[in-house]
Amino acid sequence: MPVPAISPIEASLIEVFSSIQGEGVLIGCRQVFVRFADCNLDCAYCDTPFHAGTEFSLETSPGSGRYRQVANPADLSDLERVLAEWQTRYPGLHHSLCLTGGEPLLHADILARWLPQLSADWPIYLETNGTLPNELVKVLPWTRWISMDLKSDATTGQATDWAAHADFIKVGGKKICQIKLVVGEQTSLAHVRQAAEFVAAQGVAAPLILQPCMAKGKMTINGTTLLELQATAAEVYPDTRLIPQVHPLLQIS
C-alpha cells in the first residue's frame, strides 16, 4: 500500500536573521528571529513591513548582515535544517528563537505542526499583539516565553480590545514574561494608568514594560515625560519598567 504523502509545512515569511533581542526583559540576549508576514492590526507607529512578497530574506550566516532571497511561502523543514546548521557552527551563541511579525499567531495552525519538532532544539519566544487567544491555545505547549503587547488606542490609532487582551492573558498564564505598552507623545497619564489598572486586575506576575516610540533611531518623547508616565503606572502596578529599544541605538536589525 502506498504511503500517503506528507504535505510540506509552509508559511509566508518576511525575514530570518540573527541579532540581539532589543526590547524588554530579554534585552541583549542573542536570538534567531523568524519574522512572519501578515498582521490583523494596523498600528499607527508600526515601522515593520509585514506584507508578504514572492520571496523572503534569509541571513547567510548569523549576524553577517548579508542575505539571500528565498521563495515564499517558505518550506519550514528546509529552514529548520538551516537553523540546525547555525547551531552546529555557532554553539552557545543563541539564547532562543523568536517568532515575530507581523503577527505570528495568524499562522497558528502551521506553527502547531512545526513547533513540536523545532522546540526540541530551540526554546521558543513568541512576540505577539495579544489579541488572538484562541490561536495562542494551539501553540502554547511549545512556547517557553510570551512577550505580549497592549495595543492602546493612544498610540495605535485603533480601539483597544481589552476583552481579547484579558482572554489572552488568561490563556498565556505564567508563560507571559512581559506585557509591553508603547508610549509616545500622544500617551496621556490617564491612558497609562488605565493600562496599569488593567494589568493589575488580571493577577499576572509579568512586568509592565513602557517602551518609548522611536523614529529614525531616536525617541519621540522626552525623558521627563517618560518618568512621569512610569510613576503614574507604578502607583497601581509597581513592577512597571521603562525600557527603550536598544537595537536602533546599536544600528542593527
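Where does Lys-151 lie? Lys-151 sits in the loop between β9 and α4 (153–156).

## Basis of the model

This is a predicted model, in which local features need pLDDT of at least 70, side-chain atom pairs count only at pLDDT 80 or more, and totals for chains, interfaces and linings use all residues. Residues are numbered from 1 along each chain as its sequence is written, and side-chain values use heavy atoms, with hydrogens and water left out.

Helices (H or I, at least four residues) and strands (E, at least two) are DSSP runs, numbered from the N terminus.

Lys-151 counts as buried, at 11% relative accessibility. Buried means under 20% relative accessible area, exposed over 50%, and partly exposed in between (1.4 Å probe, protein chains only).

## Strand β10 and its partners

Strand β9 (residues 145–149) runs parallel to β10, joined by 4 bridges. Two strands pair if DSSP finds at least two bridges between them.

β10 also pairs with strand β11 (residues 208–212), again in the parallel sense, over 5 bridges. Here Ile-179 stands opposite Leu-208 in β11. From β10 the chain passes through helix α6 (residues 189–201) to β11, a right-handed β-α-β crossover. Right-handed means that, with the strands pointing away from the viewer, the path from the first strand over the helix to the second runs clockwise.

## Helix α6

α6 has 13 residues and spans 18 Å from first C-alpha to last, close to the 18 Å expected at 1.5 Å a residue. The expected span is 1.5 Å times one less than the number of residues.

Its buried residues are Val-192, Ala-195, Ala-196, Phe-198 and Val-199. Down the axis of α6 they fall within an arc of 160°, so they line one face of the helix. The arc is that of the directions from the helix axis to the C-beta atoms. Exposed Ala-190 and Ala-201 are on the face of α6 turned away from the buried side.

## Cysteines

The whole structure holds 0 disulfides, counted as pairs of cysteine sulfur atoms within 2.5 Å. Cys-39 is partly exposed, at 25% relative accessible area. Cys-213 is buried, at 14% relative accessibility.
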